[in-house]
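Trainee: Can we go through this one together? I'd like to know what stands behind each label.

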Amino acid sequence: MVKIIGGRKYYPLPEAAKLVGVTHTTMWRWARGRTPTPGFKLHVLRDRMSGHLYIETGSVIALAKRFQPIPIEGVSGVD
């Protein structure tokens, strides 16, 4: 389920990992800053109540372009 905050869309970390084509663990390490993201900094939102991490759509698109050369429905920027 995508969260919209301040006009920006955020994917839950597990869904973002699937869209990008990496493991949940890899995405978690990038989001928490444990491992450097390849080429840029992720825009991450942490829900204070649940502790869940959400990745901003622009970051998901940039990572998907880097790791998935094929088009992904819902991540191409055209809904």
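Mentor: Arg32, Arg34, Arg46 and Arg48 gather in a surface patch of positive charge. This is a predicted model, so local features need pLDDT of at least 70, side-chain atom pairs count only at pLDDT 80 or more, and totals for chains, interfaces and linings use all residues. Numbering starts from 1 along each chain as its sequence is written, and side-chain values use heavy atoms, with hydrogens and water left out.

Trainee: Why is Arg34 called exposed?

Mentor: Exposed means over 50% relative accessible area, buried under 20%, partly exposed in between (1.4 Å probe, protein chains only). Arg34 has 55%, so it is exposed. Lys3, at 25%, is therefore partly exposed.

Trainee: How do you know that Asp47 forms a salt bridge with Lys3?

Mentor: The cut-off is a side-chain nitrogen of Lys or Arg within 4 Å of a carboxyl oxygen of Asp or Glu. Here the closest N and O atoms are 3.0 Å apart, so the pair qualifies. Asp47 lies in the loop between β3 and β4 (53–56) and Lys3 in strand β1 (residues 3–5), so the bridge ties together parts 44 residues apart in sequence. A search of the whole structure finds 1 salt bridge.

Technical notes
Patches are made of residues with over 30% relative accessible area and no salt bridge: like charges are joined within 9 Å, nonpolar side chains (Val, Leu, Ile, Met, Phe, Trp, Tyr) within 5 Å. Accessible areas come from the Shrake-Rupley method with a 1.4 Å probe; for residues, only the protein chains shown count as cover. Lys and Arg count as positive and Asp and Glu as negative; His and the chain ends are not counted. The place of a charge is taken as NZ of Lys, CZ of Arg, CG of Asp or CD of Glu. Helices (H or I, at least four residues) and strands (E, at least two) are DSSP runs, numbered from the N terminus.
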